[in-house]
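Have the structure open and follow along.

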Amino acid sequence: MSLNVGSRSCVRFFKDAVGMFNGARLPIERASSPPATWYTDQFRAFDDLSVLQNSWVAVGNISQVGHSGSYFTARVGSTNVIVLRDTDDVLRAFVNRCAHRGMKLLDEAEESGSLTCLRCPYHGWTYNLQGKLSRAPRMKGTREFNSTDNSLTPVSVDTLGLTCFVRLDNRELSIPRDAYRNLTDNIRSLNSPDDYKFVRRVIHEVPFDWKLGFENAIDFTHIDHVHHDFSANLSSTYNLQCDDTPNYSFQTSFPKPDSEVFGSEPIQYVVMFPNCVFNRFGPWVDNSYWLPKPGGGSVVIFDYFLLHEYINSKSPDAIKDEIEKNVGRSSSVQDEDTWICERLQEGMKSGFNGGRYSPSSDIATYNYHLFLHKCYSEASRELVEDID
């Protein structure tokens with residue numbers, strides 16, 4: 001279903017759906033979760049406008065832009081972006097679009113690699129790695145034409161730990177690190193990313209809304225019921241820490257003493273809104289990013305990292321075997337989550353208008369819903385002002 005987001009009927013639909021969530025008015029003990037409308041294809045345009053355009057969105061990892069000229073592409077809602085490291089070793093991001101006719105510069109087939117310039121395949125307009133136009137064939141005679149006005153559109157880009165984030169509205173030029181101080185002080189992969197080596201990427205394409213997948217990653221209590229092999233290695237205790245403002249959740253679980261999978265250290269899960277999950281256990285870190293796919297469904301990207309010191313303590317064959325086992329376990333968990341989220345999406349279609357929270361275990365989910373509501377409400381007000 002194609003929607004004109006700025007039309008009166010769509011603004012009314014959007015505003016009514018946002019207003020159905022009572023969690024912004026009630027404490028978690030009395031509140032209910034959002035209605036199914038929030039997770040429909042009709043709502044995707046509003047996600048793009050209100051959440052993905054106005055948040056720090058995880059799109060890739062630092063190993064993809066580790067040297068001058070390295071780059072990767074990503075799609076954030078309806079916007080294609082290029083993240084690269086320029087010749088001065090500065091991390092930059094641009095809208096993946098030529099200033100001449102709007103041609104996409106790099107295709108998804110060219111997801112990552114190395115380059116010395118950005119050349120449009122349509123008419124040959126060429127940009128340096130700072131995004132400045134350096135060549136524009138056949139423009140002689142064009143009045144008031146200059147390279148500055150025809151440069152690539154910049155996008156705010158920053159890193160936190162092993163992950164690259166972009167922000168399309170450019171309102172914040174860097175991630176407000178003070179908001180994540182509790183995390184960076186306690187999680188090694190966030191404050192010492194050079195200690196880790198990227199070892200594998202796995203991409204899952206799934207048929208349900210991206211927010212459902214992300215919420216499922218937040219929901220710790222489903223593990224006992226869905227992931228039996230996984231939960232068999234965990235004790236029943238876990239800790240949940242959320243900031244005063246709904247930016248992230250920090251969850252800790254504890255492996256059983258005899259667990260051969262997780263070792264003896266606590267397992268740390270960090271969920272950063274709106275789309276990023278860090279998971280650390282033993283020498284491992286896996287980061288996952290949830291994003292909507294064009295036309296429906298979602299994509300979740302898993303990036304796996306290992307401590308350099310751990311890699312150096314084992315033989316290459318032993319490390320290779322361990323990577324295959326860990327990635328296989330993780331993929332099995334994701335297959336189980338996909339099965340759950342598909343059924344969840346289908347069930348919601350039958351007029352679901354929200355369900356109750358558990359105050360003891362749904363704090364992170366509740367905070368995420370508050371985060372979404374804040375994004376939706378701000379966009380709704382702007383849309384109403386635009387049509388009045």
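Which residues of α1 are buried? They are Cys10, Val11, Phe14, Ala17 and Val18. These residues cover an arc of only 135° around the axis, which puts them on the same side of α1. Before going further, keep in mind that this is a predicted model. As for the helix itself, α1 runs over residues 8–19, so 12 residues in total, and spans 16 Å from its first C-alpha to its last, close to the 16 Å expected at 1.5 Å a residue.

Phe14 turns up again in an aromatic cluster, together with Phe13, Phe21, Trp38, Phe43, Phe46 and Tyr376.

On to the aromatic pairs: the structure holds 21 of them. Here are two.

| Pair | Centre distance | Plane angle | Class |
|---|---|---|---|
| Phe273 and Tyr368 | 5.0 Å | 50° | tilted |
| Phe302 and Tyr304 | 6.2 Å | 20° | stacked |

Planes under 30 degrees apart count as stacked and those over 60 as edge-to-face, with the rest being tilted. With its planes at 50°, the pair of Phe273 and Tyr368 is therefore tilted, while the 20° between Phe302 and Tyr304 makes that pair stacked. Phe273 and Tyr368 link distant parts of the chain, 95 residues apart. Phe273 sits in the loop between β14 (267–272) and β15 (276–281), and Tyr368 belongs to helix α10 (residues 363–387). Both Phe273 and Tyr368 are buried, and Phe302 and Tyr304 are buried as well.

Now for the sheet. Seven strands make up an open sheet with antiparallel pairing, in the order β1-β10-β9-β4-β3-β2-β5. At the edges are β1 (57–61) and β5 (112–114), each pairing on one side only. Ignoring direction, neighbouring strands here are turned by 30° against each other on average. Zoom in on β4 (residues 91–95) and β9 (residues 154–160): these antiparallel strands are joined by two bridges. Ala93 stands opposite Val155 in β9.

One last stop is Tyr289, in strand β16 (residues 284–292). Is Tyr289 buried or exposed? Its relative accessible area is 0%, so Tyr289 counts as buried. What does Tyr289 touch, leaving aside residues up to four places away in sequence? Its contacts include Ala58, Val59, Gly60 and Asn61, along with Thr163, Arg201, Asn275 and Cys276. Val299, Val300, Ile301 and Asp303 are also among them. As for Gln345, 56 residues from Tyr289 along the chain, the C-alpha atoms of the two are separated by 19 Å.

Methods
Residues numbered from 1 in each chain as written. Predicted model: local features only at pLDDT ≥ 70, side-chain atom pairs only at ≥ 80, totals over all residues. Heavy atoms only, no water. Phe/Tyr/Trp six-rings, centres within 6.5 Å; stacked < 30°, edge-to-face > 60°. Helix = DSSP H or I, 4+ residues; strand = E, 2+ residues; numbered from the N terminus. Buried < 20%, exposed > 50% of the residue type's maximum accessible area, 1.4 Å probe, protein only. Expected span 1.5 Å × (residues − 1). Arc of directions from axis to C-beta. Pairing = 2+ DSSP bridges. Axes fitted to C-alpha atoms, helices over the stretch in contact; angles between N-to-C directions. Contact = heavy atoms within 4.5 Å.
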